[in-house]
Amino acid sequence: MAAGDPKWQKDASDQNFDYMFKLLIIGNSSVGKTSFLFRYADDSFTSAFVSTVGIDFKVKTVFRHDKRVKLQIWDTAGQERYRTITTAYYRGAMGFILMYDITNEESFNSVQDWVTQIKTYSWDNAQVILVGNKCDMEDERVISFERGKQLADQLGVEFFETSAKENVNVKNVFERLVDIICDKMSESLDSDPTLVAGGPKGQRLTDQPQGPPNANCNC
Amino acid sequence: MMTAEEELAEKRILLERANAEREAIFKRYDRGRKNIDIDAWDDPAFEIYTQADRYGFLHPEKEQSFRDDLEAARRKQIEVERTKKWLKMMKNWSSAETKERLQRRVMKGIPDRLRAAIWKLFLNLDQALKENVGVYEKMLKFARQYSPDIRQIDFDVNRQFRNHINYRERYSVKQQSLFRVLAAYSMYNMEVGYCQGMSTVAGVLLMYFDEEDTFWALNALLSNERYAMHGLYVEGFPKLMRFLQHHDKILTKCMPKVKKHLDKHGVDSVLYSLKWFFVIFIERIPFSLCLRVWDIYMLYGERVLTAMAYTILKIHKVKLLRMKDMDQITEFLQTILYKNFGYDDDTVIKTLQLAMFELKKLNLDKLPAAPASEFPKVAFGQFIEPSLEAKIGHRNEKFTERETELKETVLYRSESKNDGDDEDVDENGRPVGQNGHHRNENGGHDDDEDDRTERDCDDITEEDDAYSNLNTEYDDGSITKHSLTGTSVTSTNDVSITSYERTCDIFRLQPNSGGSSAAILGSGAKLDDSVSIISLQTLDGVCDLHGSAEHSIVQGVSGGSAEKVAPGIIGDDDEDDDDDITEKQLSS
């Protein structure tokens, strides 16, 4: 199988995964979306950050359950005016990292609005994780862990506090999101195999892959 | 559920908080560096930077080679000579002669030390200042009391050009100025207020102008019809849609293969070109090149953006066609080209000029007419108190009609890709020069664009009629025919155009990977200002080559010779621009 052959890894990058998940990081401006993504994808943090104008993305391939999962992670501009552009990219996303800044009340108050955006513009089965970023800035904290957790429970989503700067929980968030998506895929398969958008038709993530491995769930 | 009274009470609290927050932000900018609570990490670590370039951007230390030094010295000397010419031209600013020369000279780049003065003239800032005494201060006061955009501006000022020596420190003098300009403008043009991207544009302007000039320069870019960026930033981004559609049209017509390739891989132009249009290529192409594009943009306006967007894809066509997926293509256009464009600035600008001709000839140089929605509806400087919702920073759940329209368009664009047949388009990116006819799948267009470009160039050099078509000059937004009748055009000059195009082909094969290489310097021989006298620099010294020898240089380069060819500066100090004829061919 081509994708299992290490020599393919460098050349045919588009062949080099078993599954592809499209993820989006959303949330108010300046909550740290881009820094979070850079920390995860490049393991770097710089205070020479820039604001995202429009939409960017990065790619990272991870191993989950012996499968190569290519994550295509979209980073979005947070200003309200740009929602028109960014929500157009919600379609086909399998997971969302909804981020607020624990030192910024307004960003927390907007979470509900972002959830509405997800519900309106994305696929029903899209998975969401709520993330309170900048947890290294304890002195300036205005949103307690409990408030974050409570909101996440209300919304029925998982919750993490993170720091892109100190590298706290960044990897965990992505790994957890990938796991939830995988679980959801298997579940949907059990109930209705045709529903699956995330992998080769009729194949479960826990199965041995058959046929062409470059299943692309970017539906 | 809350009662209406409770809701109102809560909003009042939020409003008070928003007011306090706005005032606190203003105070921090008032204090500037005297703020005692600046987080250490808010100032990007200085030690990682060791070198500031001539524009003030900081880079990790890089060893300068002897050749780099030579090149820098050469450029400096050219700039000194050019500065003299520009100064002379400025004394006679409104003369017809200046107007004509300006169009040629702006293509070579405005000398950096005169940029502020020349941009000021292009943007007609003196008049704006004269007619609006006291307005800036007044807007600044309004902003302090009412602007709903202060938080967003504060976020963005903190993130703008943190790798620049003057913006690096939190609340530095430049950050203070940028904050104030944007705050004041958010009240002056209330329909736009503040839109992300404006901090970048104003940030560059502030590298050249003082605060108040920057304010009026920003206003000129938004409201002057030559640039009309108002329509880009206003809610629903109507002008962005127009740019994208026009860009797609150009690609379909002039580079169908590239268009198909991008579509096949799901790369919609909104992904890579939004920032090109919103911030005029800042942080998408190297800064020095970007300034050159800005120079031309200031003179000619929005058609330069369209032509430059086309140029970027055209000049990197072969490379793009070789890329196999969305990630690679997007990273290339969004990140890699900013770090290293692969071609020297002069080459790119010459290609841009040719693109401007080409689009003009195809009647694609101008965007289709703007709908009324793109223009300001409210007079500038007229104060309208923002709504309570806006003041407390409440996000609207629902999209407005205009926003919905934009969203649907973007969605349609991104989803209509990827549904073509899976025919392999030139997977290996055939080397230029070897491309035979390619199977044409795109109904309306007969030829592969490579063939067409080459044919056009042949026309230019071989047919007089076609040649005179070239001499169409852009003039303040309208295009006038500039006749070369009476100008003697020698065959040597014909050769230089042909050579230019061929050299371009060679470049496509040998993109420069950072340092100086035979390819870029070769381009200098063809493309820089003094084509009629060219100096061939060798380690031993400099020997002059005259026009007729050009051909052999090009052949030398195309034959893979690594001789370093550089244009001399000798021609540049000549008052009468003995490089004019070549320039007219290439630039008019």
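This is a predicted model: local features need pLDDT of at least 70, side-chain atom pairs count only at pLDDT 80 or more; totals for chains, interfaces and linings use all residues.
Residues are numbered from 1 along each chain as its sequence is written, chains are lettered from A and ligands numbered from 1 in the order in which they are written, and side-chain values use heavy atoms, with hydrogens and water left out.

Chain B contains 27 helices and seven strands, helices (H or I, at least four residues) and strands (E, at least two) being DSSP runs numbered from the N terminus. Of the 588 residues in chain B, 57% are buried; buried means under 20% relative accessible area, exposed over 50%, and partly exposed in between, with a 1.4 Å probe and protein chains only. Among contacts in chain B with a separation of 6 or more, 78% involve residues 24 or more positions apart, a contact being heavy atoms within 4.5 Å. The accessible surface of chain B is about 24,900 Å², and carbon and sulfur atoms hold 50% of this area. Accessible areas come from the Shrake-Rupley method with a 1.4 Å probe, and for residues only the protein chains shown count as cover.

Over all chains, the structure has 45 salt bridges, each defined as a side-chain nitrogen of Lys or Arg within 4 Å of a carboxyl oxygen of Asp or Glu. In chain A, R83(A) pairs with E80(A) at an N to O distance of 3.6 Å, and R83(A) is buried, with a relative accessible area of 0%. In chain B, K27(B) and E23(B) form a salt bridge at 3.9 Å, N to O. These two residues are four residues apart in helix 1 (residues 4–31) of chain B, so about one helical turn separates K27(B) from E23(B). Both ends of this pair are partly exposed: K27(B) has a relative accessible area of 43%, and E23(B) has one of 28%.

A further salt bridge joins D213(B) to K120(B), with the closest N and O atoms 3.1 Å apart. Because D213(B) lies in helix 10 (residues 211–223) and K120(B) in helix 4 (residues 112–122) of chain B, the pair ties together parts that are 93 residues apart in sequence. D213(B) is buried at 7% relative accessibility, whereas K120(B) is partly exposed at 25%. Salt bridges also link E71(B), R74(B), R75(B), R292(B) and D346(B) in a network.

Two residues of chain B illustrate local surroundings. R31(B) belongs to helix 1 of chain B and is partly exposed, with a relative accessible area of 43%. The side chain of R31(B) makes a polar contact of 2.9 Å with that of N35(B). A polar contact is a pair of N or O atoms within 3.5 Å; within protein, one must be able to donate a hydrogen and the other to accept it, and residues adjacent in sequence count only if both atoms are side-chain atoms. R31(B) and Y171(B) are 140 residues apart in sequence, yet their C-alpha atoms are 7.9 Å apart in space.

T200(B), in helix 9 (residues 198–208) of chain B, is buried at a relative accessible area of 3%. Its side chain is in polar contact with that of Q160(B) at 3.2 Å. Leaving aside residues up to four places away in sequence, T200(B) touches Q160(B), F161(B), V279(B) and I282(B).

The interface of the two chains remains. There, 47 residues of chain A contact 52 residues of chain B. The chains bury about 4,400 Å² between them, 52% of it on carbon and sulfur atoms; buried area is the accessible area (1.4 Å probe) that two parts lose on being put together, summed over both. Five salt bridges cross the interface, including one between E106(A) and R151(B), whose closest N and O atoms are 3.2 Å apart. The interface also has 14 residue pairs in polar contact, both residues being at pLDDT 80 or more. On the side of chain A that touches chain B, at least two residues each come from strand 2 (55–64), strand 3 (67–76), helix 2 (83–87), helix 3 (105–109) and helix 4 (111–121) of chain A. Helix 4 of chain A gives the largest share of that side, five residues.
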